[in-house]
Amino acid sequence: MVIYPDIEIQNGRCVNLRRGHMQDPIVYDISPVEAARQHVSNGAQVLHVVDLDNVMRGGHDNHKAVIEIIQAVNVPVQVGGGIRTLEGARFWFEHGASRVVIGTAAIEDRHFLQELCAQYPGQVVVSIDARQNKVMCHGWTQETIYTPLDVAKDLQKHGVAAIIYTDIDLDDDHLEATFSITTQMVDELHIPVISSGAVKTLDDISTLRMLPNIAGVIVGRALMSGAVSLKEALEVCQQPDSHAEFL
């Protein structure tokens, strides 16, 4: 299982959102590029970078900050945040991104997704965010009628390289939240699944690692706050395989 340290950028700052609320971010006293360098020095083999301002189609232009990260580290960087066009995706590939992450546009425009996957095979990842088993779009602000598993099964037919599944209930500390939907995703899809929003402690890393076929986990706030050490998380991932069944 691969650990993807998450760097979220808003107004040029390194942040994390409380329950997805753009107007009330946790702001960290470190620049995005320094956070990237720190993660890599601690052993990160890949980075996940999101331009939050671009998600909502406005605000600060964070392109320079993301490019600075790509140029500053010697590991692959996958970039997401409001990528809705072929031109937008091409910009990031031309500036060194290893993969692009598509969110709402992949849910709403299959033609765009299919064309993008055809032009960049193996380099397009789709992010599916869900609350109470319903897919959410537009920065978690609009609920759809679709379940994440049904959407994921359809998306894998279009040639996406992987699915990022964000369980908003886990991110929100919902009392009844479990890893059950994540487990379903890894069991029933034939493409890699990367978990997001699920890690608050090292035990969560251990639990996810035991899911058969889990490809990776995106960790943001837990790393930035110090609740989880990247070095310890990587050590957990390097332990011998020992899978458990989750019902």
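User: Which residue stands opposite leucine 47 in E5?

Analyst: Valine 77 does. Two strands count as paired if DSSP finds at least two bridges between them. Strands (E, at least two residues) and helices (H or I, at least four) are DSSP runs, numbered from the N terminus. Here, four bridges join E4 to strand E5 (residues 77-80), and the two run parallel. This is a predicted model: local features need pLDDT of at least 70, side-chain atom pairs count only at pLDDT 80 or more, and totals for chains, interfaces and linings use all residues. Residues are numbered from 1 along each chain as its sequence is written, and side-chain values use heavy atoms, with hydrogens and water left out.

User: In what sense do E1 and E4 pair?

Analyst: In the parallel sense, over four bridges. Isoleucine 9 stands opposite aspartate 51 in E4.

User: How many residues of strand E4 are buried?

Analyst: Buried means under 20% relative accessible area, exposed over 50%, and partly exposed in between (1.4 Å probe, protein chains only). In E4 (residues 47-51), five of five residues are buried. Leu47, Val49 and Asp51 point one way, His48 and Val50 the other.

User: How do I read the sides of a helix, and which residues of H10 are buried?

Analyst: An α-helix has 3.6 residues a turn, so residues three or four places apart point the same way. In helix H10 (residues 202-209), the buried residues are Asp204, Ile205, Thr207, Leu208 and Arg209. They pack against strands E1 (2-10), E11 (193-196) and E12 (214-219), and against helices H9 (180-188) and H12 (230-237).

User: What does alanine 35 touch?

Analyst: Contact means heavy atoms within 4.5 Å. Alanine 35 lies in helix H1 (residues 32-41). Not counting residues up to four places away in sequence, alanine 35 touches Ile7, Cys14, Ile30 and Met224. Its relative accessibility is 1%, so it counts as buried.

User: How many aromatic pairs does the structure hold?

Analyst: A pair of aromatic rings is described by the distance of the centres and the angle of the planes. Rings of Phe, Tyr and Trp (its six-membered ring) pair if their centres lie within 6.5 Å; planes under 30 degrees apart count as stacked, over 60 as edge-to-face and the rest as tilted. The structure holds two pairs. One of them joins phenylalanine 91 and tryptophan 92, edge-to-face, at 4.9 Å centre to centre and 85° between the planes. Phenylalanine 91 is partly exposed, at 26%, whereas tryptophan 92 is buried, at 4%.

User: How many disulfides does a search find?

Analyst: A disulfide is a pair of cysteine sulfur atoms within 2.5 Å. The search of the whole structure finds zero. For cysteine 137, the closest cysteine sulfur is in cysteine 117, at 17 Å, too far for a bond.
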